[in-house]
Number of protein chains: 2
Amino acid sequence: MSTSNSRVLSNPLGLAVLGLLMESPTHPHAMAATLRERGMDRVFKVTTGSLYDVVRTLQRIEWIEARETVRVGARPERTIYQHTALGRAEFVRWVDELVRTPADEYPKFLAAVSYLGALGPDGAAAALRERAERVRTSLAEIRQEHRRVLEAGEVPRLFVVETEYAVRMLEAELGWVEEITADITTGRLAWPEPVTGWIHTESRHPGTEER
Amino acid sequence: MSTSNSRVLSNPLGLAVLGLLMESPTHPHAMAATLRERGMDRVFKVTTGSLYDVVRTLQRIEWIEARETVRVGARPERTIYQHTALGRAEFVRWVDELVRTPADEYPKFLAAVSYLGALGPDGAAAALRERAERVRTSLAEIRQEHRRVLEAGEVPRLFVVETEYAVRMLEAELGWVEEITADITTGRLAWPEPVTGWIHTESRHPGTEER
DNA sequence: ATCCGAATACTCGGAACCGAGCGATTGGAG
DNA sequence: CTCCAATCGCTCGGTTCCGAGTATTCGGAT
């Protein structure tokens, strides 16, 4: 009955909000802008709706508080938030927890790979090659950006380690994709009988649509 | 009546449902059971609520259809579903799409790593070591299970590639975690001044806090 | 002076998600 | 034969999520 003070917030975007408030008080709209400027929208899913929800929750559980609501010009009002002592402590606790405890994630590619059989050897190889190509591209972009930031000086490596991690994981994925593609084309990964007829037949004539 | 026939289903659990129906018609409860038996709940988030939602959606967009509703003994009725021709085609299309197109994922660890600074060098190293340990453990379990399944004969490699992928990714993560931990303890990853005082002080005494 | 597009700041309501619960049933233990 | 625990199969309704929309203002090109 008492407005569920549920003492938990699962949305990682909350962490981003707390992180920003560690630097200085701001209002939601600016948070979104900053996160995007810094490319942190690769790390957190920044959607306006969720952002305002998260901020409200954070306020309810008293990890942050409204500091003032100002109006610049005759623009919509904006509410500026700052963290509380509790919020600062919980921020650290949250990070610690996330680092220590591997969470169950359900990446879509994992699901897709589970049904690779459905594409048939040729279809699978083709699709995998396209993925590889795309991964290579975004990998190149990220690497370049990373280098730019580091060499251009003013950001210590610590603030950029998450990119190193992201790159590592992409490399691993790419490596695997390339290997499995090779295994398919060389026949080292075989398509068992039942599957061969299975689904692939369907995809050859989708009726009303092609390519 | 334009009951939004929204022609899309994003929840990957839908893929699992279609996958099961490729084998033979079933009812939702059995789907959940089967998925768990086969350990596919490592790949798909199997929650009853969502399952029934997904099945309903799948039915609405006519990728599957109810085949009959039977009652065994005087147990609750169960509705048995089967795929439609459309469903079979879309299943393949969906897999193809998921393989080709890397999706934006937002793993929690990535978020956590972004704020590693907050833990201070010692805290970060400690947390990372714990993670490493846990990852090592689940890696061992998965590897063992994988070997068991393969050696025990009756499952072709194709049906198990997703495990190979999962293992690869875990190895990559573990490798990175170990390296970065080493970089921290050897001082190769430095904690810049501003951060040192920053937050770590807070976590030392959750009470009132000075600094 | 006027128009237009970008930026500012947030709201709103529908969609998706998911776990607790429910009402029954079967299979043993005693 | 009776009782309890486990299984069966599903529903319900509260969160959480999120993108389209709203209403305003600023800056610059015409």
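The expected span of a helix is 1.5 Å times one less than its number of residues, and helices (H or I, at least four residues) and strands (E, at least two) are DSSP runs, numbered from the N terminus. The structure is a predicted model, in which local features need pLDDT of at least 70 and side-chain atom pairs count only at pLDDT 80 or more, while totals for chains, interfaces and linings use all residues. Residues are numbered from 1 along each chain as its sequence is written, and chains are lettered from A and ligands numbered from 1 in the order in which they are written.

**Exercise 1. Find how far H6(B) reaches from its first C-alpha to its last, and state which of its residues are buried.**

Step 1. H6(B) has 32 residues, and its end-to-end reach of 46 Å is close to the 46 Å expected at 1.5 Å a residue.

Step 2. A residue is buried if 20 or more other C-beta atoms lie within 10 Å of its own, exposed if 12 or fewer, and partly exposed in between, with C-beta atoms placed from the backbone. In H6(B) the buried residues are B:Gly120, B:Ala124, B:Ala127, B:Leu128 and B:Arg131.

Step 3. After H6(B) comes B:Gly153, which has a positive phi near 90°.

**Exercise 2. Describe H7(A) and say what covers its buried residues.**

Step 1. H7(A) has 25 residues and reaches 36 Å from its first C-alpha to its last, close to the 36 Å expected at 1.5 Å a residue.

Step 2. Among the buried residues of H7(A) are A:Val161, A:Tyr165, A:Trp176 and A:Ile184.

Step 3. Two residues are in contact if their C-beta atoms, placed from the backbone, lie within 7 Å. The cover over the buried residues of H7(A) includes H6 of chain A, together with H5 and H7 of chain B.

Step 4. Just after H7(A), A:Gly187 takes a positive phi of about 80°.

**Exercise 3. Outline chain A: how many helices and strands does it have, and in what pattern do they follow along the sequence?**

Step 1. Chain A has nine helices and two strands, and read along the sequence they follow the pattern α-α-α-β-β-α-α-α-α-α-α.

Step 2. Of the 211 residues in chain A, 32% are buried.

Step 3. The domain assignment, whose bounds come from an automatic or database source, gives chain A domain 1 (3-100) and domain 2 (108-186). The C-alpha centres of these two domains of chain A lie 31 Å apart.

**Exercise 4. Work out how chain B is related to chain A, and which residues of chain B form the side that touches chain A.**

Step 1. Copies are superposed by least squares on the C-alpha atoms of residues with pLDDT of at least 70 in both. Chain B can be laid on chain A with an RMSD of 0.1 Å by a turn of 180° and a shift of 0.0 Å along the axis, which is the relation of a two-fold axis. The same surface serves both copies, since 98% of the contact residues of chain B recur in chain A.

Step 2. In the interface, 63 residues of chain B are in contact with 64 residues of chain A, and H7(B) gives the most to the side of chain B that touches chain A, with ten residues.

Step 3. Ala, Val, Leu, Ile, Met, Phe, Trp, Tyr, Cys and Pro count as nonpolar, Asp, Glu, Lys and Arg as charged, and the others, Gly among them, as polar. On this basis, that side of chain B divides into 43 nonpolar, five polar and 15 charged residues.

**Exercise 5. Which residues touch the most other members of the largest nonpolar core?**

Step 1. A nonpolar core is a set of buried Ala, Val, Leu, Ile, Met, Phe, Trp, Tyr and Cys residues joined through C-beta atoms within 7 Å. In the largest one, of 47 residues, those touching the most other members are A:Ala112, B:Val17 and B:Val95.

Step 2. Leaving aside its neighbours within four places in sequence, A:Ala112 is in contact with B:Val95, B:Leu98 and B:Val99.

Step 3. Apart from this core lies another, of 46 residues, among them A:Leu9, A:Val99, B:Ala111 and B:Val113.

**Exercise 6. Is A:Gly153 buried or exposed?**

Step 1. A:Gly153 is found in the loop between H6 and H7 of chain A.

Step 2. A:Gly153 counts as exposed because it has 7 C-beta neighbours inside 10 Å.
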